Each structure stands twice: as C-alpha cells, then as structure tokens.
Amino acid sequence: MGDTNKVLIVEDSKFFASILVRRIINELGFDVDWKSNYADAVATIECCQDDYFVALLDVTLPDAPNGEIVNYALGKGMPSIIFTGGFDGKLRNQFVAWNIVDYILKDSASSVDMLLSTVHRIYMNRDIKALVVDDSKTMRDSIVRLLKTQLYQVFEAGNGNEALEVLGANPEIKLIVSDYEMPEMDGFELIKRVRETYSKNDLAIIGMSAMDAPLLSAQLLKTGANDFVSKPFQVEEFHSRVSHSMEMLENIALIRDLSYKDPLTKLYNRRYFFENAQNFIRQAEEKGRIVCVGMLDIDHFKNVNDTYGHDGGDTVLKEIACLIQEGFQEDSIVSRFGGEEFCVMVAYEQDADVVVHFDAMRQSVEDMVFVLGGQNVHLTISVGVCCAQDELDVILKLSDSRLYAAKEGGRNRVVAQ
C-alpha cells in the first residue's frame, strides 16, 4: 500500500457507485477506481493491488453473488470495507469472521456519510502507533489482529513494566489498550505512570477487564483512562471505542492548532510563543546551550499592500514565513508576532556564530523574487538579535530595540549589539 491515497470501489449499482466516487474525490481528496463486476475487480487487483489503501466491496455482484470478491480481496491482503443491502445475525457473523475493516448497511441516507468517515479513519490510522498490553497472549494476539486490520502500527507488551519500556522507546504512541489484571504492574499503576508524562489529550488509554466489578470501569476512568471495554466484547464495540478515542485526540489537536497557529502563515502565534518560551529556555540551559531571539521585520511592507493589495501582501508573508521556517527547523520556535513582524527563538552551541545564521536568512530574503501583479518584486528584511542570558522580557526588549536600530540604520541588515 505504501503512501497511496487511492480507493478501489467494487459495486454493480452505477447510481450508488457514482455517489461514492464523487464524494470521496470531492470531500476526502482521494483518487478512486470503480469496477462493476467480479471479473474486472479481480483483474484490477491482480495488476495493481498495491495502488490501493482500502477496497470498498459490495457483497453481491452479478457474476459473484455470494461474497466471492470479499474472500478474494482479503486473500490478497487488501483492507476491505463491505457495504450491503441485506443484514441478519448470520451475515453479521460472517462479516466478523472475514476480519474486515468494517461493514456498512445501505439502508439510509447516512450510509454514505458513515462509509466516508470509515475510509477517512482507516487512512489516518496508517500513521498512528498503538500499544496492546495484556498478559494473556491469546487475548493480546486477538486485539493486535483487530488493530492491524484497521491499519494501526501495533506494538505489544505482556505487563505494565514491559509497556513502559515500549512506550519509552516509542514516545509517539497515541493509543494504549490495556488489561487491568496483570502481573508485576496492573492496569491502574500503568495508567498512573503513563499519565505522569502523557495527558489524556495526547495519548488515549482504553482499559479492559473480564472482572465482574461494577466500579472497576469508573475507577479506571478516574485514574486516567479515556474509555473502558469489558471482556469479552463485540468487535463492533471495540472498533467504535478505539475510533472515538482517536477522533477525540485529533479534534483536540485541531483546536490546539487553531489556537496556537497563525492562520495565514501557519507559523506559531504570540500566544504559543509566550506559553512555551520559558520551557524552551530551560531545556536549552540544561543542554548547555545559549538562547538567542531574533526579531525580523519586512522592510517597507506597507508599500506592498498599497501597490499590490492585501492579496499581494499575504503572498509575501506566506513565502517569507516559509523561508524562515525552513531556515530554523531545529531547536527553535518560529512565530509570527503580528503584521509583518516575526520572532525566532533558537538554541545554539556556546561557540556558534549566531549573527551569521540570521544574516544568511536576511540574504535569502534579499535574493528572493516575488511575483506580484505580474511583476517581479524584490524585498528585504531587518533583524534585531539578542543572546543575553536574562529574563525573557529583557531579551525581547533588547532584540526589539536592535530591530529598530536596524531600521534606523538603513534597513536590510542585522543588528546584534
């Protein structure tokens, strides 16, 4: 599958398929191939199965009325979502036994919405790492299989101590599914230890237990779990709880992003800078590094807006922001402070020549060509830099005063003292 964003649809109804194709392309932005019968679908899968990250399959086709396409696609290792017009207990058990991503019933106007949501979820899951913690290898293998069916990258551990080791080696894990009763370290203690580092907004924990204890779920939730599921569980319930937990993390991340990012340049804003600057300074000092702050301002930016309009000004802001971001990728906070002013806080080794780095950025802007209103336009920036070991407000005032000195001194220059 790789990094493909293509979907294969196998559906004999031209009307239903056309709706799916249009909405997947327009709303999700994915590429789509549609086949209307078993023979064409098999030929496509034989040829190009690695081109698709998921297959959407109708159970009943004119030349394969008994789910043959599902068996074939799963046999080829293709993640598959089934949609069908009929449903009963026997058919549901068959769907679960097939180990499919999900099944969607074509029984209401919301069916397509549910299908698109599932496709989006499975696409996002490919970049999510999950950890399954259970001392029962049988149960652990079962849950691992369910998560891998949903395309999660899955790690496993037999108890809480092992889980902490795995998490320490893979700090980007976003989901932990953990049993309560385990040797060495149980689920309660594991959740407590994880929550010392990861908040509920950054890593989801789903607790599990087969114990018949009415208060257990409440206790796990109050300890720090995001959700709870009793064993044995229905596959549909498990997948729903996992999906809801991941969607919650993504929604919180989106809200946080909107709160901390400048909508035009996508750089951090003033709020993010002031909430994180002190911690950045502390971490740099622990590593024996010096912290420098550079205030950057676009020279004669008002002329750009007056001549080329705010669209032209926005183009300049975005392109310069991108250049600054690329120039200070590591150990830095790059922010748009407002208007045409940017702030860069960066950590350097003690013997580094900071001014050279900021001057290279100034030169890069001077060398850029902006196409505005069909014309080639050249612009410059002025920079004020301060590397004093002092309080944050003092550093900012010094860098700001040096920016003013750069402007007064003729612009297109770096002033560091």
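Predicted model: local features only at pLDDT ≥ 70, side-chain atom pairs only at ≥ 80, totals over all residues.
User: How many bridges join S6 to S7, and do the strands run parallel or antiparallel?
Analyst: Strand S6 covers residues 129-133, and strand S7 covers residues 153-157. The bridges joining S6 to S7 number five, and the two strands run parallel.

User: What is the handedness of the β-α-β unit that S6, H6 and S7 make?
Analyst: Helix H6 takes up residues 137-149. Together with strands S6 and S7, H6 makes a β-α-β unit that is right-handed.

User: Is H6 oblique or perpendicular to H10?
Analyst: Helix H10 spans residues 235-260, and its axis comes within 11 Å of the H6 axis. The two axes cross at roughly 60°. Roughly perpendicular would take 65 to 115 degrees, so H6 counts as oblique to H10.

User: How many nonpolar residues does the contact of H6 with H10 have?
Analyst: On the H6 side, Ile-143, Leu-146 and Leu-147 take part. They meet Val-235, Phe-238, His-239 and Val-242 in H10. By class, this contact has no charged residues and one polar residue, and its nonpolar residues number six.

User: Is the peptide bond from Lys-231 to Pro-232 cis or trans?
Analyst: Pro-232 sits in the loop between strand S10 and H10. Omega for the bond from Lys-231 is near -5°, and the bond is cis.

User: Where does Glu-184 lie?
Analyst: Glu-184 isn't a glycine, yet it has a positive phi of about 70°. Its place is the loop between strand S8 and helix H8.

How values were computed. Residues numbered from 1 in each chain as written. Heavy atoms only, no water. Axes fitted to C-alpha atoms, helices over the stretch in contact; angles between N-to-C directions. Helix = DSSP H or I, 4+ residues; strand = E, 2+ residues; numbered from the N terminus. Parallel < 35°, antiparallel > 145°, perpendicular 65-115°, else oblique. Contact = heavy atoms within 4.5 Å. Nonpolar A, V, L, I, M, F, W, Y, C, P; charged D, E, K, R; others polar. Pairing = 2+ DSSP bridges. Right-handed = clockwise from strand over helix to strand, strands pointing away.
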